[in-house]
Amino acid sequence: LVYHGRAAASAKGGKVGSFFAAIGGFTLVIWTVYPIVWGIADGSRNMNVDQEIIAYAILDVLAKPIFGAWLLFTHQSIPETNVDIGGFWSQGLSGEGAIRVGDDDEGA
């Protein structure tokens, strides 16, 4: 993922490549802090339980919702990341192929 993902992101454009590097660096930093907190809290017993819970809660908020929001909002703002899907999916759901009940003019 590090090598091929970076190459694929850079091939899409400079903004996509720099975003991939930024979000990858953010993930690396956050995931590196988890074992550090564990080492301080459980390994050396320098944190009480409340401090440990707060530290993990902050890391969880940064790693999940903040990461997800950053990913979604940036994906929306960079047109190179949009995928053009044609055919059925571009038209959305319509009445074609739907079962109609009570619309029969012939009176079955």
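The structure holds one salt bridge, a term for a side-chain nitrogen of Lys or Arg within 4 Å of a carboxyl oxygen of Asp or Glu. We will visit it at the end of this tour. The model is predicted: local features need pLDDT of at least 70, side-chain atom pairs count only at pLDDT 80 or more, and totals for chains, interfaces and linings use all residues. Residues are numbered from 1 along each chain as its sequence is written, and side-chain values use heavy atoms, with hydrogens and water left out.

**The whole chain**

Start with a cartoon view. You will find four helices and zero strands, running α-α-α-α from the N terminus on. Both kinds of element are DSSP runs numbered from the N terminus: helices are H or I with at least four residues, strands E with at least two. Of the 108 residues, 17% count as buried; buried means under 20% relative accessible area, exposed over 50%, and partly exposed in between, using a 1.4 Å probe and protein chains only.

**Stop one: F19 and W70**

Next, select F19 and W70. How are the two rings arranged? They form an edge-to-face aromatic pair, 5.9 Å centre to centre with 85° between the planes. This pair links distant parts of the chain: F19 sits in helix α2 (residues 14-43) and W70 in helix α3 (residues 49-77), 51 residues apart. F19 is buried, at 14% relative accessible area, while W70 is partly exposed at 30%. Rings of Phe, Tyr and Trp (its six-membered ring) pair if their centres lie within 6.5 Å; planes under 30 degrees apart count as stacked, over 60 as edge-to-face and the rest as tilted.

Y34 is buried, with a relative accessible area of 18%.

**Stop three: D60 and K64**

Finally, show the side chains of D60 and K64. Their closest N and O atoms are 3.5 Å apart, forming the salt bridge. Side chains of opposite charge can pair when their charged atoms come close. Where do the two residues sit relative to each other? D60 and K64 are four residues apart in helix α3, so about one helical turn separates them. D60 is partly exposed, with a relative accessible area of 35%.
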